[in-house]
Amino acid sequence: MELRARLDAYAALLLRWNARINLIGPSTIASIWQRHIDDSLQLAPLCPAGAGGAADLGSGAGFPGLVLALATGRSFTLVEADRRKAAFLAEAVRVTGAPARVACARIADLAPLGATLITARALAPLPDLLALAVPHLAAGGVLLLPKGAQASAELTNARRGWHMRVDAFPSRTAREATILRLSELRRVEPSTPERHATS
Ligand SMILES: C[S@@+](CC[C@H](N)C(=O)[O-])C[C@H]1O[C@@H](n2cnc3c(N)ncnc32)[C@H](O)[C@@H]1O
């Protein structure tokens with residue numbers, strides 16, 4: 001099946017299930033392509049080349065992980081704690097033939113995934129997101145994170161705890177949004193308190 005046909009099948013399934021469980025917000029149904037599918041597809045050219053498994057954390061209805069698995073052929077673990085959403089994801093993987101598996105669990109409860117690429121959209125502010133994601137990142141791995149208008153403030157906060165290389169790209173689907181590609185992450189060493197002579 002061609003990519004477009006797989007994405008059409010995915011969108012149709014999602015809209016059917018959305019009548020029963022809340023997968024995407026009602027206000028975004030009419031613009032599902034722009035708000036969700038194209039918003040996810042624009043990450044594909046930013047994915048680093050290379051082998052290794054990828055993970056999408058807090059996948060929800062599958063954005064961006066399921067779309068990227070279809071578009072790139074890369075193998076994704078879709079992590080989603082909500083059982084009904086995870087059931088939808090499993091059915092979407094079956095229907096589309098995406099190279100993906102679903103982990104219905106809380107991120108912090110999973111054994112380290114060793115992913116060379118991690119994506120997450122609308123999951124948590126950057127400092128919390130790094131705490132969740134980095135334990136699942138392979139050495140030399142990359143994070144690809146769509147972020148909203150607060151991206152710059154979130155980066156400032158995150159830099160208090162992490163050294164990292166940051167590449168930022170403007171979103172093509174939302175004017176105020178930015179896509180952050182983070183690599184070379186390492187924790188900021190706590191500074192040694194100064195010793196004061198007592199005599
Ligand atoms: C706001 S939704 C975003 C879904 C999707 N990434 C998107 O952008 O459309 C956040 C999703 O993350 C899931 N989630 C939140 N915290 C989680 C955790 N600690 N472990 C696994 N899933 C989590 C929620 O169940 C929800 O489906």
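This is a short tour of the structure, stop by stop.

**Before you start.** The model is predicted: local features need pLDDT of at least 70, side-chain atom pairs count only at pLDDT 80 or more, and totals for chains, interfaces and linings use all residues. Residues are numbered from 1 along each chain as its sequence is written, and side-chain values use heavy atoms, with hydrogens and water left out.

**Stop 1: the whole protein.** Show the cartoon. You will find six helices and seven strands. Helices (H or I, at least four residues) and strands (E, at least two) are DSSP runs, numbered from the N terminus. Follow the sequence and the pattern reads α-α-β-α-β-α-β-β-α-β-α-β-β. Now show the C-alpha trace: along its principal axes it spans about 75 × 35 × 30 Å.

**Stop 2: the ligand.** Select the ligand, then the residues around it. There are 14, and the closest are G58, F63, E80, K85 and R121. The shell divides into six nonpolar, three polar and five charged residues. In this scheme Ala, Val, Leu, Ile, Met, Phe, Trp, Tyr, Cys and Pro are nonpolar, Asp, Glu, Lys and Arg are charged, and the others, Gly among them, are polar.

**Stop 3: polar contacts.** These are pairs of N or O atoms within 3.5 Å. Select G58: a polar backbone atom there is 2.8 Å from a nitrogen atom of the ligand. Move to E80, where a polar side-chain atom lies 2.6 Å from a ligand oxygen atom. At K85, a polar side-chain atom is 3.0 Å from an oxygen atom of the ligand.

**Stop 4: two backbone details.** Most residues other than glycine have a negative phi, and most peptide bonds are trans. Select F63 and P64. A cis peptide bond joins them, with omega about 0°. P64 is in the loop between β1 (54-57) and α3 (65-72). Last, select A122. Its phi is positive, near 55°. A122 is in the loop between β4 (115-119) and α5 (126-133).

Conventions. A residue is near a molecule or strand if one of its heavy atoms lies within 4 Å of it. A polar contact is a pair of N or O atoms within 3.5 Å; within protein, one must be able to donate a hydrogen and the other to accept it, and residues adjacent in sequence count only if both atoms are side-chain atoms.
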